[in-house]
Structure formats: structure tokens, C-alpha cells
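Student: I would like to learn how to read a sheet and a ligand shell from coordinates. Please take me through one case.

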Amino acid sequence: MSAFTKSFALACRRVYFRNIRQHSSVTAELMENMDKKSAWDRFYSETSSGVPHFKNFEWFFGFEAVQGFVMPLLRAPSLPHPPLRVLDMGCGTSALGPCVYRDSAVPVRVTCADISPVAVRLMRDHLQATAIQPRNASSRIEFLELDCTQLDRHYASSSLDLIVDKGTTDALLRSREGTEKAAWALRQSLRALRRSGSLLQFSDEDPDARLVWLETAALDEGLAGADVGVQEVGVLRGVCYYCYQVTPRHEVNT
Ligand SMILES: C[S@@+](CC[C@H](N)C(=O)[O-])C[C@H]1O[C@@H](n2cnc3c(N)ncnc32)[C@H](O)[C@@H]1O
């Protein structure tokens, strides 16, 4: 069982202890349908129902473990520049996006986006209730219902500085019908990134598999491929997690 699946099983156990009869059917439904909005809506509805206080849920490592990969990419450009645009793609109810907004020294506009309107509403309500003060007063944060396979409907080419994906591509790749969606989301991300931008994928997938997949899936009409690097994030419950940094390659004449 991969760590991703273990995290998922633990989350489900927590939820379904409250309703044991539904456990196996809903777990099985989400396991096979992690690319489906309805499955995630059901998951976030059930994890939040009857819970008195919202608590961020992290599928694996939280902000503390990944900030060393994310924050150094938020550097102030030398010229006057609008806020750096950051997308947490498939944010769920993770604290990652709000923490980037809170801690960034340079102005950022953070968008926490998810296909599940339930997750988006929970995040929005929580932020309104807590009123986080950002380190840079010009920073902004927003929550958006968005399908990451359709980024082009929301973002122009070369408009984002950083895309963070913690577990979202994993969820797509491990779904019965999600592989093509994961490739589509990757290509859309590369198009939406600026020349200097990066996509960070946090995953427990082994580099032998993920690096080949990234390099292959990044090849498409109008894309010159991508440069891909990998670093270890750490070990959790005996499984190693990685940070894959993907930067769009640009044709010399573009
Ligand atoms: C494994 S969870 C990770 C959540 C969060 N990033 C974290 O680290 O806790 C995967 C997330 O991807 C979202 N998701 C699945 N398909 C998506 C899609 N096509 N577009 C946007 N989000 C999607 C799910 O709703 C879910 O919140």
C-alpha cells in the first residue's frame, strides 16, 4: 500500500467511524474515483459534518515540511512587478496556500483552487473566520472552484509564477480514468507558467516512474517540453516523499 493510499485510508477511517456502514462503499468509491468531483464533494462533506471546528487536513506533509521548497521560489524581481501569482492546484483543505500568503515577504496573490466546491467553501469560510495577517500588506488570497484540466479557461498563457500541487496529480494518476487528466493538467500548467515560473509536485511516487512520466507528458503541440528536477522531502510512515520541480522549456525563437 503506498503512503498516499495509507493517508487516504486513515482519513476515511476517521470519517467513517462515525458511520461504519458507509465505510467500505465510500472508501472504495473515492479510491477508484479520485479524479471525480462528486467523490471529493462527498469526502469533504462527510469529513466536515458534525465537526465543531474546522481543521486543515493534509494528505501528507504540511507547510512546515515543504516550505523550504516553495518559499525560495518567491523572490522579488528586480523591476517593479505586480504581486507574484501562486496557484495551489487541488488545494483541498490544506493550509499550504494560506501559509504561503501569510509568510511571503514579497507580495503574492495566492489562489487556492479545487474541483470540489465543498472544499473551497470550507477554506473560504475558515479564512474569513480567522483573518490571517499577511507579512506583506499587498498580498492577496482567493479560493476558487476550478478544474485543473481546464486552467486555460481561467489563466492566460504565461500568467503564473508558481504552481504547487501536493497530491493532486497523484490522485489523478491513481484513478481508473485519471491518467490522461493528469497529463492534461501538466500541459495546462506549463502553458500557464511564466518563463521564470515553476510547477512543484509533491508526491510519494518514485523518481524512476515520475521523472519519465513528467518528461513524456510535457511534450505536446506548442510546448517545448520541460526541465525536471527532484529532491527528497522526507520520510513519513516509512515512505519517502519527493518534490518534483518542473520548469517549462522555451523555444529559442519564442
Ligand atoms: C489528495 S488530495 C490533496 C489535497 C491537498 N492538496 C493536500 O495536500 O492536502 C487531491 C485534491 O485534488 C482535488 N482534485 C481532484 N481532481 C481535480 C481537478 N481536476 N481539478 C482540481 N482539483 C482536483 C481533490 O478535490 C482533492 O482536494
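Tutor: We take the sheet, then its helices, then the ligand. The model is predicted: local features need pLDDT of at least 70, side-chain atom pairs count only at pLDDT 80 or more, and totals for chains, interfaces and linings use all residues. Residues are numbered from 1 along each chain as its sequence is written.

Student: In what order do the 7 strands form the open sheet?

Tutor: Strands of a sheet pair through backbone hydrogen bonds, parallel or antiparallel. Strands here are DSSP runs of E, at least two residues, and helices are runs of H or I, at least four, numbered from the N terminus. Two strands pair if DSSP finds at least two bridges between them. The order is E3-E2-E1-E4-E5-E7-E6, with mixed pairing. E3 (140-145) and E6 (226-236) each have a single partner strand, so one side of each lacks a neighbour in the sheet.

Student: Over how many bridges do E4 and E5 pair?

Tutor: E4 (residues 160-166) and E5 (residues 193-203) pair in the parallel sense over 6 bridges. Asp 165 has Gln 201 in E5 as its bridge partner.

Student: Which strands does helix H9 lie across?

Tutor: Contact means C-beta atoms, placed from the backbone, within 7 Å. Axes are lines fitted to C-alpha atoms, for helices over the stretch in contact, with angles from 0 to 180 degrees between N-to-C directions. H9 (residues 207-217) lies across E5, E6 and E7 (239-248), at about 150° to E6.

Student: How many residues surround the ligand?

Tutor: A residue is near a molecule if its C-beta atom, placed from the backbone, lies within 6 Å of it. Here 21 residues surround the ligand, and Trp 40 and Lys 166 are among the closest. Helix H7 (residues 168-173) gives the most to this shell, with 3 residues.

Conventions
Two residues are in contact if their C-beta atoms, placed from the backbone, lie within 7 Å.
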